[in-house]
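Biologist: I am new to this structure and would like a close look at a single part of it. Could you take me through that part step by step, in one connected account?

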Amino acid sequence: MAETIIPKATAKRLPVYYRYLNFLANSGTTKISSTELSDAVKVDSATIRRDFSYFGALGKRGYGYDVVDLLNFFKKILNQDRLTNVGLVGVGNLGHALLNYNFRQANNIRISAGFDINPELAGTIQSGVPIYPMDEMIKQIKDQQIEIVILTVPIDAAQHITDDLVKAGIKGIMNFTPIRISVPSYVRVQNVDLATELQTLIYFLEHYGPTLKEP
Ligand code: ATP
């Protein structure tokens, strides 16, 4: 099917509609009239109707719009319907913090599985996320089609876990360990070394002051 070409101004309003519909859906509202929608998003109802008409008849006269239908529709258009499942290996202090971090607020990311060698953690649910023992890691990653993993394990465990992650078919690793892990060329690694970042900041502050540029 050919893609609908919509005016730029309409395209800019789509996220506005989307955000409001999301809010309505979360608060349990099932229907909304075009006047109510208009008042809430500050776009006149004729414009709303015209915007919506580019995508076919989405509302019925005298009935208003079905919030969930409309939301699903905009989700697809805005590519918000794809949720990225991420795995986390090493549920220590940093791992816990990341499990508690609400990635989904801004993006459609969620940590769907955690893995840890500690038998007191494996088999539990931490911050709503199931934690699996290491001998289930490869299977779970494959079954859950996890393509990205956050690595928060001690340095000495990082490389052999990485090798298993590669075997499991992972495509990207967010590496919080301070070592550079080796991966094949088809796997992408993003290094996040908090201690080094802080040291760099301290170094620049000490040597160049707060505002001067590095040479
Ligand atoms: P952090 O470095 O995140 O602050 P921490 O100080 O609590 O963590 P670490 O010793 O760094 O603890 O370990 C982080 C987590 O990694 C722990 O939960 C630990 O059980 C887990 N871990 C350690 N070795 C392995 C391993 N070989 N495989 C999987 N998980 C491991």
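Predicted model: local features only at pLDDT ≥ 70, side-chain atom pairs only at ≥ 80, totals over all residues.

Modeller: The axes of helix α2, which covers residues 34-41, and helix α3, which covers residues 45-53, come within 9 Å and cross at roughly 105°. Since angles of 65 to 115 degrees count as roughly perpendicular, α2 and α3 are therefore roughly perpendicular to each other. On the α2 side the contact is made by Ser34, Leu37, Ser38 and Val41, while α3 contributes Ser45, Ile48, Arg49 and Phe52.

Phe52 lies in helix α3 and Phe74 in helix α4 (residues 67-77), so the pair ties together parts that are 22 residues apart in sequence. Phe52 is buried, with a relative accessible area of 2%, and Phe74 is likewise buried, with a value of 0%.

Phe74 also forms an aromatic pair with Phe73, and this one is edge-to-face, with 6.1 Å from centre to centre and 80° between the planes. Phe73 itself is partly exposed, its relative accessible area being 26%. Taken together, ring pairs link Phe52, Phe73 and Phe74 with Tyr17 and Tyr65 into a cluster.

Technical notes:
Residues numbered from 1 in each chain as written. Heavy atoms only, no water. Axes fitted to C-alpha atoms, helices over the stretch in contact; angles between N-to-C directions. Helix = DSSP H or I, 4+ residues; strand = E, 2+ residues; numbered from the N terminus. Parallel < 35°, antiparallel > 145°, perpendicular 65-115°, else oblique. Contact = heavy atoms within 4.5 Å. Buried < 20%, exposed > 50% of the residue type's maximum accessible area, 1.4 Å probe, protein only. Phe/Tyr/Trp six-rings, centres within 6.5 Å; stacked < 30°, edge-to-face > 60°.
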